[in-house]
Amino acid sequence: MTFNIPSSTPGMFTPAAPVQWDGMSLDDALSRNPNPEHFVQILLDQQRHPNMLKELNYHSPTLATKLKHAGAISIENAATIWRQEMQKNTMSSTLSQTMKLQQEQEMERRLRTNPMDIDANAYFGEKIKKQNVEDSYRQMMEEFPESMGRVLMLYVDAEVNGYYIQAFVDSGAQSTIMSSKCAEQCGLSHLIDTRFEGVAVGVGTGKILGRIHMAQMKIKDQFFPCTITVMDSEKGLGDKNMDFLLGLDMLKRFHCNIDLQRNVLVFSVGSDKMETPFLHEKDLAETKGGTKGFDADKSNMEIEKMREDREDSK
């Protein structure tokens, strides 16, 4: 992403303190604070502007990481990095803005000459569309910044035939599904009825090896008999890290309630209710969207390497 960064010129009025207000967007902070030290003060003020660094990270994670690490040392260090970014982008930004202005002036001239000009109408139609998208993005960042984060899928702790698993709760799956690898680990492979083999068709296709008619699934201290469709680990579930899907058949059989307000899955056991919590990010491996075992430094180094390789290839 190339930012439209205002450059500081001799005689230009520079406020003695950062210009800021609650709910300020990244673009506002950029346009109102040409002084690098003022801008990074606002950017790194997580208490007053908790979403600004997240917005920069969405557009440029490498730059956001550099500024965050430099800011931990001093504002001056972060300002130096931002000043270098300003200098690098000023020329390309100026050239880009000049070309855009020339193109818009040409389209305006064509539209005045011929109001039915197809290319000119398409140009301004696209401009209006982009502005609507940008307005929607700004509103989202101000009112629902959490939508920029990842949505954690729903998992619960369970045991199948005495083997611990993390069951993915999937109300969109018609049947409860297990990978052939998981069936082998749970000691259930010998119970697969191959008369029910076939092909599953949905978003993709997968090979069904058969069905286990009765297996014991334990959640907390309660046992639930379940029927399991076994899919080929290589040609079955779309995600090879998804070993076990608790499907709609089981959810309906036990009148389950997915309670997102309390973050629990509720089962009806006779006249009683039994509930189990959905797992948090810290409990799930990276392959399941969690942070268990996540190495932030390693991940940042990988991102930096990708960025450098991309710059070198240009």
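**Exercise 1. Are Phe-224 and Phe-254 buried or exposed, and how are their rings arranged?**

The model is predicted: local features require pLDDT of at least 70 and side-chain atom pairs count only at pLDDT 80 or more, while totals for chains, interfaces and linings use all residues. Residues are numbered from 1 along each chain as its sequence is written, and side-chain values use heavy atoms, with hydrogens and water left out.

*Step 1.* Apply the accessibility classes: buried means under 20% relative accessible area, exposed over 50%, and partly exposed in between (1.4 Å probe, protein chains only). Phe-224 and Phe-254 are both buried.

*Step 2.* Apply the ring criterion: rings of Phe, Tyr and Trp (its six-membered ring) pair if their centres lie within 6.5 Å, and planes under 30 degrees apart count as stacked, over 60 as edge-to-face and the rest as tilted. The count comes to five aromatic pairs. One of them joins Phe-224 and Phe-254 at 4.9 Å centre to centre, with 75 degrees between the planes, and is edge-to-face.

*Step 3.* Locate the partners, taking helices (H or I, at least four residues) and strands (E, at least two) as DSSP runs numbered from the N terminus. Phe-224 belongs to strand 6 and Phe-254 to the loop between helix 8 and strand 8 (257-259), so that, 30 residues apart, the pair links distant parts of the chain. Together with Phe-267, these two residues form one aromatic cluster.

*Step 4.* Examine a further pair. Tyr-123 and Phe-124 are edge-to-face, with 5.0 Å centre to centre and 85 degrees between the planes; both residues are buried.

**Exercise 2. Determine which residues touch the most other members of the largest nonpolar core.**

*Step 1.* Define the set: a nonpolar core consists of buried Ala, Val, Leu, Ile, Met, Phe, Trp, Tyr and Cys residues joined through side-chain atoms within 4.5 Å.

*Step 2.* Identify the members in question. The largest core has 30 residues, and Val-160, Met-178, Met-217, Phe-244, Leu-246, Leu-265 and Phe-267 touch the most other members. Elements that each supply at least two residues include strand 1 (155-160), strand 5 (205-219), strand 6 (222-231) and helix 8 (248-253).

*Step 3.* Inspect Met-178, with contact meaning heavy atoms within 4.5 Å. Not counting residues up to four places away in sequence, its contacts include Val-160, Leu-188, Ile-228 and Phe-244.

*Step 4.* Note the second, separate core of 19 residues, which includes Met-24, Leu-26, Met-52 and Leu-56.

**Exercise 3. Describe the residues that line the largest cavity.**

*Step 1.* List the lining residues: Ser-25, Asp-27, Glu-55, Glu-134, Tyr-137, Arg-138, Met-141 and Glu-142. On a 1 Å grid over the protein atoms alone, a cavity is a set of points where a 1.4 Å probe fits but cannot get out, and lining residues have an atom within 4 Å of a point.

*Step 2.* Assign the source. Helix 6 (residues 118-143) gives the most to this lining, with five residues.

*Step 3.* State the volume, which is the space filled by probe spheres set on the points. The largest cavity holds about 50 Å³.

Terms used. On a 1 Å grid over the protein atoms alone, a cavity is a set of points where a 1.4 Å probe fits but cannot get out, and a pocket is an open set with protein on both sides within 12 Å along at least five of seven lines; lining residues have an atom within 4 Å of a point.
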